[in-house]
Amino acid sequence: MPKAKKTDSTVANEVAVATTAKKTTRKPSAKVELFIEHNGIQASTDVIAKKIKAAYAEKEGATVVKTLKIYVKPEENTAYYVVNGEEECKLEGIF
């Protein structure tokens with residue numbers, strides 16, 4: 001049995017169906033703010049990170065910060081940090 005020829009409208013419908021993407025809706029992620037408090041003084045992690053980046057930028061031989069890990073010791077008023085997985089430093093007076 002011979003195949004039926006496709007008409008222009010049939011081809012257009014097949015293309016439209018094939019190119020229509022399924023739309024998914026994402027729930028917006030919640031904005032998270034983290035604060036560290038010690039002896040009645042409060043500091044946000046964003047402020048601590050900005051202080052660390054500024055202090056690091058002033059160091060001789062500072063490189064572009066690609067990754068930053070911060071370890072806060074409130075009892076010492078100090079943040080220890082690792083830049084790009086290599087350089088370990090500390091910043092005193094974070095509060």
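This is a friendly conversation about reading a predicted model.

Biologist: What should I keep in mind before I start?

Modeller: This is a predicted model, in which local features need pLDDT of at least 70, side-chain atom pairs count only at pLDDT 80 or more, and totals for chains, interfaces and linings use all residues. Residues are numbered from 1 along each chain as its sequence is written, and side-chain values use heavy atoms, with hydrogens and water left out.

Biologist: In what order do the elements of the chain run from the N terminus on?

Modeller: Helices (H or I, at least four residues) and strands (E, at least two) are DSSP runs, numbered from the N terminus. Here there are two helices and five strands, in the order α-β-β-α-β-β-β.

Biologist: How many residues does helix 2 have, and how far does it reach?

Modeller: The expected span of a helix is 1.5 Å times one less than its number of residues. Helix 2 covers residues 45-58, which is 14 residues, and its first and last C-alpha atoms lie 20 Å apart, close to the expected 20 Å.

Biologist: Which residues of helix 2 are buried?

Modeller: Let's start with the cut-offs: buried means under 20% relative accessible area, exposed over 50%, and partly exposed in between, using a 1.4 Å probe and protein chains only. In helix 2 the buried ones are Ile48, Ala49, Ile52 and Tyr56. They sit on the same side of helix 2 because they cover an arc of only 100 degrees around the axis, the arc being that of the directions from the helix axis to the C-beta atoms. The general idea is that an α-helix has 3.6 residues a turn, so residues three or four places apart point the same way. On the face turned away from the buried side you find the exposed residues Lys50, Ala57 and Glu58.

Biologist: What covers the buried residues of helix 2?

Modeller: Contact means heavy atoms within 4.5 Å. The cover includes strand 1 (35-38), strand 2 (41-44), strand 3 (68-73), strand 4 (78-83) and strand 5 (87-92). For a close-up, pick tyrosine 56: setting aside neighbours within four places in sequence, tyrosine 56 is in contact with Ala62, Thr63, Val65, Tyr81, Val83 and Glu87.

Biologist: Which residues make up the largest nonpolar core?

Modeller: A nonpolar core is a set of buried Ala, Val, Leu, Ile, Met, Phe, Trp, Tyr and Cys residues joined through side-chain atoms within 4.5 Å. The largest one has eleven residues: Ile36, Ala43, Ile48, Ile52, Tyr56, Ala79, Tyr81, Val83, Cys89, Leu91 and Ile94. Helix 2, strand 4 and strand 5 are the elements that give two or more residues to this core.

Biologist: In what sense do strand 1 and strand 2 pair?

Modeller: Two strands pair if DSSP finds at least two bridges between them. Strand 1 and strand 2 have four bridges and run in the antiparallel sense, with glutamate 37 opposite glutamine 42 of strand 2. They form a hairpin with two residues between the strands, and asparagine 39 in that turn has a positive phi of about 50 degrees.

Biologist: Is lysine 69 buried or exposed?

Modeller: Lysine 69 lies in strand 3 and counts as exposed, at 51% relative accessibility. Not counting residues up to four places away in sequence, lysine 69 touches Tyr80, Tyr81 and Val82. By contrast, serine 44 in strand 2 is buried, with a relative accessible area of 14%.
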